[in-house]
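Here are some notes to read alongside the structure. They go through it point by point, beginning with a question.

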Amino acid sequence: MQDKIEKLREKALKLIEDVKSSEELERARVSLLGKKGEITGLIRSIGKLPPEERPLAGKLLNALKREVEEKIEEKRKTLPKVRKVKIDTSIPGRRPKTGALHPLTRIEEEIVDIFMRMGFSVEYGPEIETDYYNFTALNTPEHHPARDLHDTFYLEDGNLLRTHTSPVQIRVMEKKKPPLRIISPGRAYRFDPFDPSHSPVFHQVEGLWVDRDVSFSDLKGTLEAFGKELFGKETRIKLVPHYFPFTEPSAEVHLSCPFCKEKGCRVCKYTGWVEIAGCGMVHPEVLRGVGIDPYQWTGFAFGMGVERIAMLRYGIDDIRNFYENDLRFIEGLR
Amino acid sequence: MKLPVEWLEEWVELPQDFVDVLDNLGIGVEGYGDGVLDLEITPNRPDLLSVIGIAREIAGKTGKPLKKNIEAVFPVRNVFPVEVEDKEGCPRYTLGLIKGVKVGPSPEWMARRLELAGINPINNVVDATNYVMLELGQPLHPFDREKIKGKIVVRRARDGEKITTLDGVERELNPEILVIADAERPVALAGIMGAEDSGIDEETRDVLLESAYFDPIRVRRGRKILNISTEASYRFERGGDVYVVPVALRRALELIREVAGGEVVEGMEDTLPEPEGRKPVKISVSFGKRLLGIEIKDEDVKDWLEPFGFRVEDGKVIPPRWRRDIHEEVDVWEEVARIYGYERVPSSVRVISSEPVYDNGKILRQAKRVLSGLGLFEVYPIPFMNPEDVAFLPEEDERRKGRRLKNPMWPEKNVMRTTLIPGLLSVARYNLNHQIRDIRIFEAGKVFLSEERIKIAGLFVGEEKKTWYSGRKYDFYDVKGAVEEFLTLMRIPFELRDEKDPLFDEGTCLGVWVNERCYGYLGEIKRELVERYEIEHAYGFELDASLLELREPEEFVPLPRFPHIKRDLSFLVPAGKRCEDVLRVIREATYLERVEVIDIYRGKNIPEGYTSMTFSCVFRHPERTLTDDEVEHEVQEIIRKLEDEGIELRRL
């Protein structure tokens, strides 16, 4: 066996010595150390030797294998570098498949993240609501003319599809005591046929902050900070007096048009401003209804339209895009 | 509300920037052109549905008084018998009389103003009443005295009573509706519309003119039942002004005389000659400062509010008679803020919360991100469902019984969805229609069963985009793999079991089990449903989002310190045996770290009825290097066990 090994060693070293190119070297490597190589073969045959010979043979063969490997590496360094097969780098690469979040999810997340940084927690509420939570508890009793502004979907079982996310205010205040700082993103419904600016289904983010002395000034500052975060530092916010039964004072939130920077354009109907939300100080009647003393606690609430904000953000002029779900639309905005 | 500017100017001096002044007062200017303002009046301010109302606001802001005012009333005396049966429905009823009018077209100036305000001129008498309604905000109604039998009665309608209103429609009434009647029949729907046969026509000589205050709820209820809305009902249901009732009566009678001639009877019927004064509202300036976050001195409140008709004294505010919206302290502070100017309120930002911030929706948001990372597009279908889509489900399946809409937007989509799958199919259909064939979509949203539940569903339809390295048709294994990868990335310890769910094709449906509970299914969507969207094959999944709560904590697993040994084994799997049969045996092997299926092959060199499956098995000992012999032993064991099951090693 020892002889055999020695002979193989000489043969192997000669073989490597004579090699002229990388290809030849690779062939030599395979013939010696490949699966069916000579050295590999000998190593495999150790098992067939009488047991007392095995340790020595193993040792020698391992040494040989190492030596040959080293020689091959040394030789490789002396050979001219092989030029690899030239590849056509202009063939398109293998792209992994990627999907995308719907733009409404992304905007909603951005809104939620901004308010979470400001210390608001996130609450959720049902989409099928009772008349009580959607209207009555929000100081909009039956026969209140403000109900005309909400064209409501009713269910045959007497419930309704919430027309705004504001019922969450009530549900949260019933469960938890102030101080409260929450937002609630979610879907709402109104009986508005589809047109470029209406959809029977839409999304809002509701906000509510009730504490010892939350003021109208806090409301303004909070919304201003939000607007600047979402649309950039130069963004301005204007509160315009308005009416909602469940807040007082109430205001519409106008944002300086992100497209024309208040110069006036098609998007803002040449006014320089766009409406993005309704807000106000929580009406004492609403607070009393959930057992909160309106002289001990004050609070503000707002509700903003996610579609509206997404449209301003991406320059979309037709709300129906969000619900047609054309994959090119979703892909284009990711 | 449309308002001609020249009319407004008759009442008040307009500042240069009156459009901004109105906007900042919360009277939204929605349009301004051709001398007509289009104003958005919020439902709490019926007093602004008039020229005088808008004029008062501008005067309050500029500090300049109104150019004119109308306040005169007639003395109370008997003019015509009036009985109010429903005092709650009609707290104040006044009635005046003008004799010998000549009905005809209105003068040009009046007709034009009405037209600019969006009201069609009819005749001089009717037009004069509409004119005064626009001017003072008080709706009026003229009756032809000849057509009123005996007396005026304000009462509830009787069941089955009928009236043909001025618009020519015959309406059946009920006791919820307040009417004006004479001795025999209803002659008007109180606060809504008059009857055809009691109104003014060419022949009318003497006019009984009604000016009243009706209960807003009663008017609203009546007009809702009858499904009509008029300029009058619009004002009454928002709340009229009980004090202006006789003022408007006199003003209108005099205007009728001016435009239609005749002789006004100097007096009126009045059921509430001395209405109660406005109740004062107690205020505390410190509360106002706290609520608004602005500096307010005690005298500021007086200075700011009095130009708008309020009276302020001793911590009390008496609202003007026309401001029905001021009842309690906060109403006063809103008024203060509005007059002070929202734009002047400073901005305060306080970002530190006293409570830890939480969001239970975080996991769902993460799940959506993972799914989109796996190549799926998130979609937002409309959550209304056509019940026909799920009609094939068995009777007892709760997804068959969607909660029904009373007033669906689309007649066929009249239930709330009970599953997300039809919505996803409709999105697939829409995209196929637009020549998009590579459809991988998902939605995370609510379904509406006996309770609202959040589901996560996905769908593969069509084929991969064709490129030099891709272009496969989607199949069962795409959806299975996506679900497996999704749940793995979400760290949910799941198990897939052969299962049946009627929404999925039998035999290609797997249940997703976590902790011995099934949370949903994946597989090929049932033909009955898919065909409704003219789709051939759709592979989908629908999982209850509550399974996300079962995620395992992130845990550091020490990296292996010893090398593994890998063995690839091919088996000939006969029909009747499944991949899982082989995997199960392989997994029993000691030291096995993992096993992958690396090749599935049928065809050449493989006997008919067999499938060649190749498994790559990785063995590793955690504390030392494994020897070949040890691994070989395990491999032989696997081969032997499988042979017992009739699965032979494929020898090359």
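1. In which loop of chain B is Asp34(B) found? The model is a predicted one, and in it Asp34(B) lies in the loop between strand E2 (28–33) and strand E3 (36–40) of chain B. Its phi is near 55°, a positive value in a residue other than glycine. Most residues other than glycine have a negative phi, and most peptide bonds are trans. Asp34(B) counts as exposed because its relative accessibility is 80%, and the cut-off for exposed is over 50%.

2. Gln435(B) also deserves a look. Phi of Gln435(B) is near 65°, again positive in a residue other than glycine. The loop that holds Gln435(B) runs between helix H13 (421–433) and strand E22 (438–448) of chain B. With a relative accessible area of 74%, Gln435(B) is exposed.

3. Is Leu376(B) buried or exposed? Leu376(B) has 0% relative accessibility, so it counts as buried. Leu376(B) sits in the loop between helix H12 (362–373) and strand E19 (377–378) of chain B. Leaving aside residues up to four places away in sequence, Leu376(B) touches Gly99(A) and Ala100(A) in chain A, and in chain B its contacts include Arg440(B), Phe442(B), Phe460(B) and Phe541(B). Ile441(B) is another of these contacts; Leu376(B) and Ile441(B) are 65 residues apart in sequence, but their C-alpha atoms are 4.9 Å apart in space.

4. Next, a pair of helices. Two packed helices are described by the angle between their axes and the distance between the axes. Helix H5 (residues 124–136) and helix H8 (residues 244–260) of chain B pack at an angle of about 140°, and their axes are 9 Å apart. That angle makes H5(B) oblique to H8(B). The crossing of H5(B) and H8(B) is right-handed. Among the residues that meet are Val125(B), Ala128(B) and Val132(B) from H5(B), and Ala248(B), Ala252(B) and Leu255(B) from H8(B). The residues of the contact of H5(B) with H8(B) divide into twelve nonpolar, two polar and two charged.

5. Helix H6 (residues 216–226) of chain B has several buried residues, including Val219(B), Gly222(B) and Leu226(B). Three arginines, Arg218(B), Arg220(B) and Arg223(B), are also among the buried residues. The elements that the buried residues of H6(B) pack against include strand E7 (152–156), strand E13 (207–213) and helix H7 (231–238) of chain B. Asn227(B) follows H6(B) and has a positive phi, near 55°.

6. In chain A, an open sheet of seven strands has the order E1-E4-E5-E9-E8-E7-E6, with mixed pairing. Strand E1 (121–122) and strand E6 (237–244) of chain A are at the edges, each with a single partner strand, so one side of each has no neighbour in the sheet. Strands E4 (residues 180–189) and E5 (residues 201–211) of chain A run antiparallel and are joined by ten bridges. Leu180(A) stands opposite Val210(A) in E5(A). Helix H5 (residues 103–117) of chain A lies across E1, E4, E5 and E9 of chain A, and runs at about 165° to E4(A).

7. Which peptide bonds are cis? One joins Pro178(A) and Pro179(A), with omega about 5°; Pro179(A) is in the loop between helix H7 (167–175) and E4 of chain A. Another runs from Glu248(A) to Pro249(A), with omega near -5°. Pro249(A) is placed in strand E7 (residues 247–256) of chain A.

Methods
Residues numbered from 1 in each chain as written. Chains lettered and ligands numbered in written order. Predicted model: local features only at pLDDT ≥ 70, side-chain atom pairs only at ≥ 80, totals over all residues. Heavy atoms only, no water. Axes fitted to C-alpha atoms, helices over the stretch in contact; angles between N-to-C directions. Helix = DSSP H or I, 4+ residues; strand = E, 2+ residues; numbered from the N terminus. Parallel < 35°, antiparallel > 145°, perpendicular 65-115°, else oblique. Left-handed = near helix turned anticlockwise from the far one by under 90°. Contact = heavy atoms within 4.5 Å. Nonpolar A, V, L, I, M, F, W, Y, C, P; charged D, E, K, R; others polar. Buried < 20%, exposed > 50% of the residue type's maximum accessible area, 1.4 Å probe, protein only. Pairing = 2+ DSSP bridges.
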